[in-house]
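I opened the notebook to record what I looked up in this entry, one topic at a time.

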Amino acid sequence: MCELFGVCSAQPLDVNEYLKEFYSHSDSNPDGWGLAVLDGIEASIEKEPLRANRSAYLRERLSVPVSERTVLAHIRRASIGSIEYRNCHPFTGKDYLGRRWTLIHNGTIFEYSPLNHLFYSQAGGTDSERIFLFLLERINQEIRAAGPLDASGRFRILDEMVCRMAPGNRLNLLIYDGECFYVHTNYANSLYCLQKEGQVIFSTKPLGRENWELVAMTTLLAYKDGELLYRGTDHGAEYIDNTEDTKYLYQIYSEL
């Protein structure tokens, strides 16, 4: 599986040491790395289809401070989609009203038919990009129908989407919409958080010896300025590893 890292903070936070440890996990996630430093609709997105600990560029990038209120990072172990730039996370884009959305995903969509039509419009080949495009599609549909969305309206759409998509699929997500930071996991022991005053940090694995705790399962969470803003529906659809899915992933990965 890939690994995720995210920061939601009321004040800019220097995350270099966390990132250095996070990217050191790339031996088991060798198929690409990504970094998004986000400020409202502004986004600096950097990524390579290269093992993070072999990237001269990333080493140089982390030699200077990475400091912002919102940061996303990803290291990829390809399961669906070849090893190339366009399949690296994060995925980012704007809705009809100019709000920027940025997403990273850890998991696999084994079956969710509403994503299928996006196979023909996506730039790469990953199910993660299809999730992102579907999210933008749903937001834009609601904008066309009802006009601009406030934070609670956007959360309602994501909560509905996650509840429908999660059953039978492994769905760990970190998403930022320029205001709110969304978090979801339905796979046991695969997403942790470190909560401090005015800041929260998320990682697939604990980074260091601080008081990391498991993120609540099967429930979409939304944060703003490092504090919990909304808690969604507990859909109860925990993903459990099974032989059939494992065989499917092994076959796909062997063909990359």
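**Aromatic residues**

I began with the rings and found one aromatic cluster made up of Phe5, Tyr18, Phe22, Tyr23, Trp33, Tyr57 and Trp212. I note here that the model is a predicted one. My search of the whole structure returned 15 aromatic pairs. I then looked up accessibility: tryptophan 33 counts as buried at 1% relative accessibility, whereas tyrosine 57, with a relative accessible area of 43%, is partly exposed.

**Aspartate 127**

Aspartate 127 is buried and yet has no salt bridge, for the nearest side chain of opposite charge, that of arginine 130, is 5.5 Å away. What does the side chain of aspartate 127 reach at 2.8 Å? I found the backbone nitrogen of isoleucine 109 at that distance. Leaving aside residues up to four places away in sequence, I listed Ile80, His105, Gly107, Thr108 and Ile109 as what aspartate 127 touches.

**Strands 12 and 13**

Last, I followed strand 12 (residues 219–224) and strand 13 (residues 227–234), which run antiparallel and are joined by 5 bridges. Threonine 219 has aspartate 234 in strand 13 as its bridge partner. The two strands form a hairpin with 2 residues between them, and I noted a positive phi of about 55° for aspartate 225 in the turn.

Technical notes
Residues numbered from 1 in each chain as written. Predicted model: local features only at pLDDT ≥ 70, side-chain atom pairs only at ≥ 80, totals over all residues. Heavy atoms only, no water. Buried < 20%, exposed > 50% of the residue type's maximum accessible area, 1.4 Å probe, protein only. Lys, Arg positive; Asp, Glu negative; His and termini not counted. Salt bridge = Lys/Arg side-chain N within 4 Å of Asp/Glu carboxyl O. Polar contact = N/O pair within 3.5 Å; in protein donor to acceptor, adjacent residues only side chain to side chain. Contact = heavy atoms within 4.5 Å. Pairing = 2+ DSSP bridges. Helix = DSSP H or I, 4+ residues; strand = E, 2+ residues; numbered from the N terminus. Phe/Tyr/Trp six-rings, centres within 6.5 Å; stacked < 30°, edge-to-face > 60°.
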